[in-house]
Amino acid sequence: MPYDKNNVFARILRGELPCIKVYEDAQTLAFLDIMPQSDGHTLVLPKEPAVTLLDLSPEGAAACIVVTRRVAAAIQRAVGAPGLLISQFNGEAAGQTVPHVHFHIIPRFPGLKLKPHGREKADPDRLDQIAARITGELMAARG
Ligand code: AMP
């Protein structure tokens with residue numbers, strides 16, 4: 001599938017649409033999912049245009065997994081989650097809805113079921129509060 005330059009994440013990467021950013025470097029961007037499946041649900045994506053993980057360069061894939069690991073640790077502390085689900089969909093048949101490769105970091109809590117995927121918009125103030133906690137943990141980890 002050819003890369004659609006106007007998919008929603010491409011537009012966020014170009015700054016044409018807003019996002020609740022928690023981390024950015026030369027190769028990656030991480031922001032909160034606006035329809036989170038649990039508190040702290042975050043997406044990590046490469047800046048490189050690629051639809052699926054298989055379209056992404058090895059360097060882009062390596063950058064994403066390193067950042068996913070770092071951001072996941074900060075999320076875990078920020079929301080006090082004992083578990084983290086890290087997932088990644090490749091192609092519509094697998095459930096991918098936005099055609100720019102991304103990793104989901106989804107905090108898990110015992111006995112708490114996940115909300116449905118990409119269905120219910122969260123309260124923007126609550127998302128801002130959670131993002132501030134995550135960025136605080138990322139800064140603290142850097143020392
Ligand atoms: P996927 O099905 O893996 O492609 O997941 C796409 C995810 O992006 C879903 O969890 C959506 O809730 C999320 N999403 C869609 N639009 C936005 C947006 N503008 N900002 C943040 N997250 C979004």
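Q: In this predicted model, is G80 buried or exposed?
A: G80 lies in the loop between α2 and β4 (83–87). Its relative accessible area is 52%, and the class above 50% is the exposed one. G80 is therefore exposed.

Q: Which residues is G80 in contact with, leaving aside its neighbours within four places in sequence?
A: G80 and F103 are 23 residues apart along the chain, and their C-alpha atoms are separated by 20 Å. Contact requires heavy atoms within 4.5 Å. With neighbours within four places in sequence set aside, the residues in contact with G80 are I75 and F109.

Q: Is N7 buried or exposed?
A: N7 is placed in the segment before α1 (8–13). The relative accessible area of N7 is 3%, and a residue under 20% counts as buried. N7 is therefore buried.

Q: Which backbone nitrogen does the side chain of N7 reach?
A: Not counting residues up to four places away in sequence, N7 touches V98, P99 and H100. The side chain of N7 also makes an approach of 2.9 Å to a backbone nitrogen, and a polar contact needs N or O atoms within 3.5 Å. The backbone nitrogen reached is that of F9.

Q: Which element gives the largest share of the largest nonpolar core?
A: This core has 25 residues, of which V22, Y23, L32, V71 and I134 touch the most other members. The elements that give two or more residues to it are β1 (21–24), β2 (28–32), α2 (58–79), β5 (103–108) and α3 (124–142). The largest share, eight residues, comes from α2.

Q: Which residues does Y23 contact, leaving aside its neighbours within four places in sequence?
A: Y23 is one of the residues that touch the most other members of the largest nonpolar core. Once neighbours within four places in sequence are set aside, the contacts of Y23 are T28, L29, A30, V67, R70, V71 and L138.

Q: How many residues does the second, separate core have?
A: F9, L29, F31 and V98 are among the members of this second core. The number of residues in the second, separate core is seven.

Q: Which element gives the most to the lining of the largest pocket?
A: About 480 Å³ of space lies in this pocket. Of its 23 lining residues, F9, L32, D33, I34 and M35 are the closest to its centre. The elements that give two or more residues to the lining are α1, β2 and α3. The most, three residues, comes from α1.

Q: How many nonpolar residues does the lining of the largest pocket have?
A: By class, this lining includes five polar and two charged residues. The nonpolar residues of the lining number 16.

Notes. Residues numbered from 1 in each chain as written. Predicted model: local features only at pLDDT ≥ 70, side-chain atom pairs only at ≥ 80, totals over all residues. Heavy atoms only, no water. Core = buried A, V, L, I, M, F, W, Y, C linked by side-chain atoms within 4.5 Å. Buried < 20%, exposed > 50% of the residue type's maximum accessible area, 1.4 Å probe, protein only. Helix = DSSP H or I, 4+ residues; strand = E, 2+ residues; numbered from the N terminus. Polar contact = N/O pair within 3.5 Å; in protein donor to acceptor, adjacent residues only side chain to side chain. 1 Å grid on protein atoms, 1.4 Å probe; cavity = no way out; pocket = protein on both sides within 12 Å on 5 of 7 lines; lining within 4 Å. Points joined across faces, edges and corners; volume = space filled by probe spheres on them. Nonpolar A, V, L, I, M, F, W, Y, C, P; charged D, E, K, R; others polar.
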